[in-house]
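Open the model in your viewer and keep the selection tool at hand.

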Amino acid sequence: MLLIKGNAWVFGDDVSTDDIAPSVYLTQYLPPEKLKEIAMEGIDPGFYKKFHAGDLIVAANNFGCGSSREEAPMALKSLAVGVVVAESFGRIFYRNAINVGLPVVACPGISERVANGDSVSVDLETGRVTIEKTGEILQGEEKPEFLLDILRKGGLLEHLRQTVVPELMAE
Amino acid sequence: MARAAGKETVAVGEIVDAAVDRIMITERQAPRVLDNLEALGVQKLRMAKDKVVIIFDHEVPPSKITSANAQKRVREFFTGKVTLYDMNVGICHQVLSEKGHVAPGMLIVGSDSHTVTNGAFGAFSAGIGLTEATGVLLTGKIWLRVPPVIAVEMSGRMSDRVSPKDAILYLIGRVGADGAQYKGLEFRGTGAREMSIAGRMVMSNMSVEAGGKAGIFEADEKTLAYLSPRVSEPLAPVRSDSDARYEKVVDIDLAGLAPQVACPHTVDNVVPVDNVTGRKIHDAFLGSCTNGRLEDLEIAAEILKGRQIHSGVRMVVAPASTETYLAAMRNGTLETLIEAGAVILNPNCASCASMHMDILADGETSISSTNRNFRGRRGSRESEVYLASPATVAASALAGCIADPRAC
């Protein structure tokens, strides 16, 4: 589950959460099937039509900067993005992605080495990212165990369901 | 962060499990937080009523049935469980401190990225997502990595019609949208100490646009003077250690600062106003958690007094809170703005993030006192937003194009 492989869609620096899930949709409270259709619309309208479930997103610096809207990682999750690998992330997006069960890996050097359509595989446990066409392996961030645990469970809600909710119910 | 984690000291890079003093959620995110609680089958929150503040501000009063229904659900579940401010109080980041829920040294989180605003009062205050917020409601805690800090040393005195919005736009332009990524910003120097509370809030508010985790001003007499009438607890400022190590120091000479403008479509695309004067505008927006305070409305009124906004421009004003609205009403500021041709809205987020009033059409250009200008941020994908200070917004509304406020 934490070994992910797919074809990359490549973006540049400073992709904002407005790009990923435009503001105009936020008070519509879209369900997952509708969020999927607006994913990346701010930067690439109609992205969902060409994206295949399990494909990856590769980006340069500061992916997910700006607003804290969780609809951004939710939209990518609805699209069935396998993992987002970027040089770096906006901090709130990074946390939100893990919390909704969307794998994210910060990996210096990734953006120069991958073109659209390239096959990339990611080992979330070790942070190692392999570029299939060259065999090159990059070392991405190694997450602390508690974050890997949340990802294994599929997100923070499931983690809360298993740990905190039973305690609360017993009180 | 050490205090919140129950430790003597903490080191940069360390992950702490921090007790949260206050969590703020707006009516925009609350429906999905409620979805989470319902999915978990939880009716009761672990955090006490006085520590959880829910504020209705993004789309109020609601303009569609889906929003009205979502807001009704939020009201029904959370009334009695949290401190709830309904649609007649103001924008969340203004209300939280106005109503005394912020104090120096607190650890505050909010489900809105501009929660960093509370750093103006010497609190650690950061934005989080709605599932993270659900976790905080049920545990009272949050994991945080202790950030390195960039010192922003401000000196000198700003000239007339130059304001803290220009200073923060300048800083963001200089360090870039990721210049403070995962870092704290500490605003220091005589320039920081001389800045009004409202001015400090502007700078802290936009820390996040440089990627900042927090943007803090040391609490001083001004902070205590503002908060003491509003806060029931005793106030104890937190000062920086005299031997504090900063990752980097950025110096800003406020005296040499010209009015700044962030051009489409990123916040760090900042230039001095002279580079863009003469560009035609259709809309001038004055308001938001960034610049909707009394001193913002007053400078606009000073510029517009006895004059008319340009016939090709719509000017919309949304005071940041009911307290601001009343003060501006009573001292003649709102009357001046209305007579000049501006429309005054209730305190709310309006179209800062295209969720409510004053949406831009295809091909329109706006100059705005808000905090983000991403493509489509305030409406059509084919519209453009320039970010600027209240003075620059008013001067531009007068001219019908982007204008230098020092020249009018």
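Which residue follows H6(B), and is its phi positive or negative? Select Gly176(B): this residue comes after H6(B), and its phi is positive, near 90 degrees. The model is a predicted one, in which local features need pLDDT of at least 70, side-chain atom pairs count only at pLDDT 80 or more, and totals for chains, interfaces and linings use all residues. Residues are numbered from 1 along each chain as its sequence is written, while chains are lettered from A and ligands numbered from 1 in the order in which they are written.

**Stop 1: helix H6 of chain B**

Now select residues 164–175 of chain B, which form helix H6. Helices (H or I, at least four residues) and strands (E, at least two) are DSSP runs, numbered from the N terminus. H6(B) has 12 residues and spans 17 Å from its first C-alpha to its last, close to the 16 Å expected at 1.5 Å a residue; the expected span is 1.5 Å times one less than the number of residues.

Colour the helix by burial. A residue is buried if 20 or more other C-beta atoms lie within 10 Å of its own, exposed if 12 or fewer, and partly exposed in between, with C-beta atoms placed from the backbone. H6(B) is largely enclosed by the rest of the structure, because 11 of its 12 residues are buried. Among them are Pro164(B), Asp166(B), Tyr170(B) and Val175(B).

Show the surroundings next. The buried residues of H6(B) pack against strands E8 (149–155), E11 (248–253), E12 (260–262), E13 (270–272) and E18 (384–387) of chain B, and against helix H8 (197–205) of chain B. Two residues are in contact if their C-beta atoms, placed from the backbone, lie within 7 Å.

**Stop 2: the domains of chain B**

Colour chain B by domain: domain 1 is 2–145, domain 2 is 149–231 + 244–256, and domain 3 is 261–403. These bounds come from an automatic or database domain assignment.

Which elements give two or more residues to the side of domain 2 of chain B that touches domain 3 of chain B? They are H6 and H8 of chain B. The largest share of that side, 6 residues, comes from H6(B). By class, the side has 7 nonpolar, 5 polar and 4 charged residues. Here Ala, Val, Leu, Ile, Met, Phe, Trp, Tyr, Cys and Pro count as nonpolar, Asp, Glu, Lys and Arg as charged, and the others, Gly among them, as polar. In this pairing, 16 residues of domain 2 of chain B are in contact with 14 residues of domain 3 of chain B. The centres of the two domains, taken over C-alpha atoms, are separated by 22 Å.

**Stop 3: Ala301(B)**

Select Ala301(B), which is found in helix H10 (residues 294–304) of chain B. Ala301(B) counts as buried because it has 25 C-beta neighbours inside 10 Å. Leaving out residues up to four places away in sequence, Ala301(B) touches Thr333(B), Thr336(B) and Leu337(B). For a distance check, pick Asn348(B): it is 47 residues from Ala301(B) in sequence and 20 Å away in space, C-alpha to C-alpha.

**Stop 4: strand E2 of chain B**

Move to residues 22–26 of chain B, strand E2, where 5 of 5 residues are buried. Arg22(B), Met24(B) and Thr26(B) point one way from E2(B), and Ile23(B) and Ile25(B) the other way.

E2(B) pairs in the parallel sense with strand E5 (residues 107–110) of chain B over 3 bridges, and with strand E3 (residues 52–55) of chain B, also in the parallel sense, over 4 bridges. Two strands pair if DSSP finds at least two bridges between them. Centre on Met24(B): its bridge partner in E5(B) is Gly110(B), and its bridge partner in E3(B) is Val53(B).

**Stop 5: where the chains meet**

Show both chains. 40 residues of chain B are in contact with 35 residues of chain A. On the chain B side, helices H2 (30–40), H3 (65–78) and H5 (130–139) each supply at least two residues, and H5(B) gives the largest share, 6 residues.

**Last view: whole chains**

Chain B has 13 helices and 18 strands, and 60% of its 408 residues are buried. Chain A has 8 helices and 7 strands, and 53% of its 171 residues are buried.
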